[in-house]
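Hello,

I'm passing a structure over to you, and I hope you enjoy looking through it. Please open it first, then read on.

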Amino acid sequence: MSVRVLIVDDQALFREALATLLEVQPEIEVVGEAADGEQAIRLCAELRPDVALMDLRMPVLDGIAATTRLRAEHPDVQVLALTTFDDDEDVFAALRAGAVGYLLKDVSSTRLVEALVAAQRGESVLQPSVAAKLVARVAQLPAEPRPQPLVTPLSERELEVVRLLADGHSNREIAKKLFLAEGTVKNLVTSVLSKLQVRDRTQAALRAKELGLC
C-alpha cells in the first residue's frame, strides 16, 4: 500500500516540482497540495493523508502552528517537516509541536521517499545535522542523577543500531552499514525502543545519550 502524502509549501513551483518527483515513486501517492497551514488542516480533513510533508515558514498559518493543530485534530496524520532552515529554534519547535521527523530541502529523492515511508509507520526521521543538534542540546542540560541501568541491557548489535539511529540514519541505511536485512533492523529497533522504554526513535536517541550509550 502506497503512502498518501499531502505537500504543504507556500511556493507553488516547489510544490509542483516535488509532486512530480514523488508521483513517479511506487511507494508514494500525492493526494493533494496546500499553500499554507490553514489550507493543510482543511485538506487533511477531506483527503486523510498518511503524511503531511510540511514547510515551516508560510503565511496565514505557519508550519509549527499547523503541526500543533494537526496532531490535535488529526492524530492519524504524521507530520514530516521539510524546510530550508535548520536553526535550533525551528528544529526544536517542530519536534515539540509533534513532527515525526525533520529534513532539509537539499535531501536526496531516495532519502525523502524512505523518510515518508518511515513516517507513515510512525518512525522518527532526522537529518543527521538535526540529530546532532538534539544530542548537543542534551549534553547542555544541567547534570541530573544518572538514570538507573536498564532492566534488560542492550545487546552489542542493538548498541550498534541505537548509535546509528542517533546519527539520524534510516532503517535501510542502518541495514546497509551493518550488512543486515531491513526487516532484521526493524526488529532490532523495536527491541531497542522496548528496552529503553520510549515510543520513537528521537526519544531513543535522547535516552541512549542520557545513559551514555552513544
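Below is what was found in it.

This is a predicted model, in which local features need pLDDT of at least 70, side-chain atom pairs count only at pLDDT 80 or more, and totals for chains, interfaces and linings use all residues. Residues are numbered from 1 along each chain as its sequence is written, and side-chain values use heavy atoms, leaving out hydrogens and water.

Let's start with the cores. The largest nonpolar core has 26 residues (a core is a set of buried Ala, Val, Leu, Ile, Met, Phe, Trp, Tyr and Cys residues joined through side-chain atoms within 4.5 Å; buried means under 20% relative accessible area, with a 1.4 Å probe and protein chains only). Leu-6, Val-8, Met-54, Leu-70, Val-91 and Tyr-102 have the most contacts inside it. At least two residues of this core come from each of strand 1 (3-8), helix 2 (37-47), strand 3 (51-54), helix 3, strand 4 (78-83), helix 4 and strand 5 (101-104) (helices, H or I of at least four residues, and strands, E of at least two, are DSSP runs numbered from the N terminus). Another core, of 23 residues, lies apart from it and includes Val-162 and Leu-211.

Leaving out residues up to four places away in sequence, Gln-78 touches Asp-50, Val-51, Ala-52, Arg-71, Val-100, Ala-119 and Gly-122 (contact means heavy atoms within 4.5 Å).

Happy exploring!

Terms used. Buried < 20%, exposed > 50% of the residue type's maximum accessible area, 1.4 Å probe, protein only.
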